[in-house]
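Hi everyone, thanks for coming. I'd like to walk you through one structure today, starting with its ligands and finishing with its aromatic rings. Please have a look at it first.

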Amino acid sequence: MKTYLVTGGAGFIGSNFIHYMLKKYLNIKIINYDKLTYAGNLENLKFISKNPNYIFVQGDICDREKLQQLFEKYDIDYVINFAAESHVDRSIRDPEVFVKTNVLGTVALLDTAKNAWTLEGEFKQGKKYLQVSTDEVYGSLGKEGYFTEKTPLDSHSPYSSSKASADLMVKAYFDTYKMPVNITRCSNNYGPYQFPEKLIPLVINNCANKRDIPVYGDGLNIRDWLYVEDHCKAIDMVINNGKLGEAYNIGGHNERTNIYIVKTIISYIHDNVDPYVDENLIKYVEDRKGHDRRYGIDPTKIKDELGWYPETEFEDGIIKTIKWYLDNKDWMNNVTSGDYKKYYDRMYKNK
Ligand code: NAD
Ligand code: DAU
């Protein structure tokens, strides 16, 4: 029975990953280690909270002592590090916590795993550390071309620079200590359980509440969207078969402008749910500082080496996602109570 330490498992992708894995494998144990910041929500995992193969431990990846206790208590085979501060706009306002969690936290986790997994100067067999990184480490594309794994790191925001720094530390642990690692760099995810500070759930939530929809700049920035389950499937494949020390890009060639995403959501809700929701809700607002223009992933390596392919077409995934948020209004109301209003007003109403 393999034991997975999943950090940040109460967040958007981490919780989807835990669901995916516990559905796929009956013979694994998952320890979810999460600090439960504003972005972490145990409600995301309520359907599996009693699964005997699932354990939740609240903790910070910067807390070496607590991490060491975990490695002493459990014979951990795989570490999958989702834990991060993940929102670009927050990083522009407050970079420091991004360095703490995303860089120092990653190093604390790498180091604890390295110490626990080393026996007489050698790594024990069958161990692996996977760093969940992002396409944003590559910077921004012009109209042509894609990010490959050979594209130089050229991050711009404090968020993406903290993720790029973490990637370099993971590489250093492979190059220096031969630690068994992989890095995955995925494009924008969408699907259930995403905190509504991110574009897609924010637009759905604002439509549901007939609130203005803020579109940054000219709305023509491009993101490459992937349904979250396809990302989870890729991570599972990289853990099992990824070549040690390698990075893998993950993306399904679903490039869309932001305004296309916004109009698609409005149009679905207008036609199927509430005819009073329409494009009058769109408000063009000041652009994000240093806003990357275009992301586009070349997934050839993970397709050729590991046989990964995305299963959900964007047109199906977006409808599934809109329906999920509208069917789970309690979830949305819970996560948007408390500090969310303060954040929202500060971001969009200059308060
Ligand atoms: P999220 O913000 O929804 O979740 C982050 C989780 O990490 C939360 O549960 C939070 O409580 C936890 N956390 C934060 N700081 C912590 C700390 N110091 N110690 C322990 N736990 C901590 O993020 P997400 O969108 O699920 O992203 C997960 C990972 O995937 C991140 O590393 C992110 O960089 C990467 N990623 C995200 C996307 C995307 O589109 N969302 C795409 C590619 C890569
Ligand atoms: O590319 C992967 C990255 O995708 C991940 O590494 C990040 O963790 C994740 O947050 C996401 O970053 P983005 O900045 O691309 O996502 P976000 O949803 O914040 O914004 C998507 C695009 O929409 C971006 O061009 C900014 C724009 N936007 C966003 C918001 C929240 C708006 O126009 N209005 C908004 O209100």
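Let me begin with a term: a polar contact here is a pair of N or O atoms within 3.5 Å; within protein, one must be able to donate a hydrogen and the other to accept it, and residues adjacent in sequence count only if both atoms are side-chain atoms. Now the ground rules. This is a predicted model, where local features need pLDDT of at least 70 and side-chain atom pairs count only at pLDDT 80 or more, while totals for chains, interfaces and linings use all residues. Residues are numbered from 1 along each chain as its sequence is written, chains are lettered from A and ligands numbered from 1 in the order in which they are written, and side-chain values use heavy atoms, with hydrogens and water left out.

Let's take ligand 1. A backbone N or O atom of K35 sits 3.1 Å from one of its nitrogen atoms. D60 places a polar side-chain atom 2.9 Å from a nitrogen atom of ligand 1, and a polar backbone atom of G11 is 2.9 Å from an oxygen atom of the ligand. On its own, ligand 1 has 830 Å² of accessible area, and the protein covers 97% of that (Shrake-Rupley method, 1.4 Å probe; for residues, only the protein chains shown count as cover).

Who is around it? There are 28 residues, with I13, D34, S86, Y159 and K163 coming nearest; being near means having a heavy atom within 4 Å. By class, this shell has 12 nonpolar, 12 polar and 4 charged residues. Nonpolar covers Ala, Val, Leu, Ile, Met, Phe, Trp, Tyr, Cys and Pro, charged covers Asp, Glu, Lys and Arg, and the others, Gly among them, are polar. Strand 7 gives the most to the shell, with 3 residues. Helices (H or I, at least four residues) and strands (E, at least two) are DSSP runs, numbered from the N terminus.

On to ligand 2. Which residues come nearest to it? Of the 23 around it, they are D135, Y159, N188, R288 and H291. D135 has a polar side-chain atom 2.5 Å from an oxygen atom of ligand 2, and for H291 the corresponding distance to a ligand oxygen is 2.7 Å. Here the protein covers 94% of the 690 Å² that ligand 2 has on its own. Helix 6 (199–208) and strand 10 (213–216) are the elements that give two or more residues to this shell, and strand 10 gives the most, with 3.

Finally, the aromatics. The structure holds 19 aromatic pairs, meaning Phe, Tyr or Trp rings (six-membered ring for Trp) with centres within 6.5 Å; planes under 30 degrees apart count as stacked, over 60 as edge-to-face and the rest as tilted. The F17 and F82 rings have centres 5.4 Å apart and planes at 50°, so this pair is tilted. F17 is in helix 1 and F82 in the loop between strand 4 (78–81) and helix 3 (88–93), 65 residues apart. F17 counts as buried at 0% relative accessibility, and F82 does so at 11%. Buried means under 20% relative accessible area, exposed over 50%, and partly exposed in between (1.4 Å probe, protein chains only).

And why is the pair of Y193 and W331 edge-to-face? Because their planes stand at 65°, with ring centres 6.2 Å apart. Both residues, Y193 and W331, are buried.
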